[in-house]
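Please open the structure in your viewer and keep the sequence beside it.

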Amino acid sequence: MRRIATEEAFVIPEVIQPMLERFARAPYDPDLFFWSKAADGSPLQRRLLDLGDERLAIMDETGIDVQLISLASTGVQMFDADTGTALATLANDVLADAMRRHPTRFAGLASFAPQDPKRAAKEIERAMTQLGYHGVIVNSHTNGDYLDQSAYWPILEACEACDAPLYIHPRAPSPQMVAPFLDYTLEHAIWGFQAETSLHALRLIVSGIFDRFPRLKVILGHGGEGLHYWLPRLDGMHANFKAPEGRRPVLELAPSAYIRRNFAITTSGMNWGPAVRFAIDAIGVDKIMFAIDYPFMDSATSVAQMDAIDLPEDDKAAIYHRNAERIFGISPAA
Ligand code: MN
């Protein structure tokens, strides 16, 4: 069985070092705390920096044919606009070089700096048309802003124009919503990532983004961040609770219709039978792609979990590789 893993991470020294330096001197910040997990000398940092032998060896050992690789969260989004823009270009060049060296093993999602939406749109275009990328990635909010806000529309316009799937990857909740998470360290992958990222996706839906950009494709990890669990309730409550006049656009479709038309999900960190079977029931097997979240999650465990889910062979093939080949334009095996 060919396996494509679709939410796999790397970093470059130019991004991780300033983050670790800021962590060492700044007051507690949930996103910097997350970076500190990849401290100097840690196996995690070594694996994130590697785009060669160790990554390929682990892929070989665990039966992963292709990794769809992206810059680890929070990417370039905690830098000022000029630095973030320059680092996105650098990271995209580094990963593109690795993709050229290992064209049958590495695919990529390009980074961009939402802090400068016009230059972000240009970088998306460069990555998709010149560097051979398969989509782009954003780590949810940027300085508390969300992509439905009109300043960021050039980014969504570029994604649609370049047919670049937009992977909305988690980070800790925005400054406006993080406080109640902090008392018990819930701001990370235990709950905060999902709360932040599903909110971001829902904002795109109810703001009318998919009426404006009907061909925009959005990918959510971690079992779709739970959003598809709520389809009938989203539709019912969206219809029941009208916003004050002019506050919220009238949508062409029900919220669930955009999730079915414009979204796909991955199983990063959530290769759990009940969740995968429910997702197949709710949104269909052609919307679900396998992911590990290497090197944060263990590759062998993730593959064993997905292998153990009792599904028809054809469904397994869709989840393991066929959907990723179609959605991200990854070449099928020769
Ligand atoms: Mn991840």
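**Conventions**

This is a predicted model, in which local features need pLDDT of at least 70 and side-chain atom pairs count only at pLDDT 80 or more, while totals for chains, interfaces and linings use all residues. Residues are numbered from 1 along each chain as its sequence is written, and side-chain values use heavy atoms, with hydrogens and water left out.

**Stop 1**

Helices (H or I, at least four residues) and strands (E, at least two) are DSSP runs, numbered from the N terminus.

Buried means under 20% relative accessible area, exposed over 50%, and partly exposed in between (1.4 Å probe, protein chains only).

**Stop 1: the sheet**

Select the strands. They include an open sheet of eight strands in the order β1-β2-β3-β4-β5-β6-β7-β8, with parallel pairing. The edge strands are β1 and β8 (288–289), each of which pairs on one side only. Two strands pair if DSSP finds at least two bridges between them.

Seven of its seven residues are buried. β1 pairs with strand β2 (residues 66–71) in the parallel sense over five bridges, and A9 stands opposite S70 in β2. L68 is also located in strand β2. Is L68 buried or exposed? At 0% relative accessibility, L68 counts as buried.

Then move to strand β6 (residues 218–220) and strand β7 (residues 263–266), which run parallel and are joined by three bridges. I219 has A264 in β7 as its bridge partner.

**Stop 2: salt bridges**

How many salt bridges does a search of the whole structure find? The search finds 14. A salt bridge is a side-chain nitrogen of Lys or Arg within 4 Å of a carboxyl oxygen of Asp or Glu.

Select R2 and E325, which form a salt bridge with their closest N and O atoms 2.8 Å apart. R2 lies in the segment before β1 and E325 in helix α15 (residues 313–328), so the pair ties together parts that are 323 residues apart in sequence. Both R2 and E325 are buried.

Select R3 and D307 next. Their salt bridge has its closest N and O atoms 3.2 Å apart. R3 lies in the segment before β1 and D307 in helix α14 (residues 299–308), so this pair ties together parts that are 304 residues apart in sequence. R3 counts as buried at 13% relative accessibility, whereas D307 counts as partly exposed at 37%.

The side chains of D116 and R119 also meet in a salt bridge (2.6 Å, N to O). D116 is buried, with a relative accessible area of 18%, while R119 is partly exposed at 35%. Finally, select R46, R47 and E54, which are linked in a network of salt bridges.

**Stop 3: a loop residue**

Select W230, in the loop between β6 and α11 (231–240). W230 is partly exposed, with a relative accessible area of 43%.

**Stop 4: the cysteines**

A disulfide is a covalent bond between the sulfur atoms of two cysteines; here it is counted as a pair of cysteine sulfur atoms within 2.5 Å. By this rule the count is zero. C159 is in no disulfide, and the nearest cysteine sulfur, that of C162, is 7.6 Å away. C159 is buried, with a relative accessible area of 1%.
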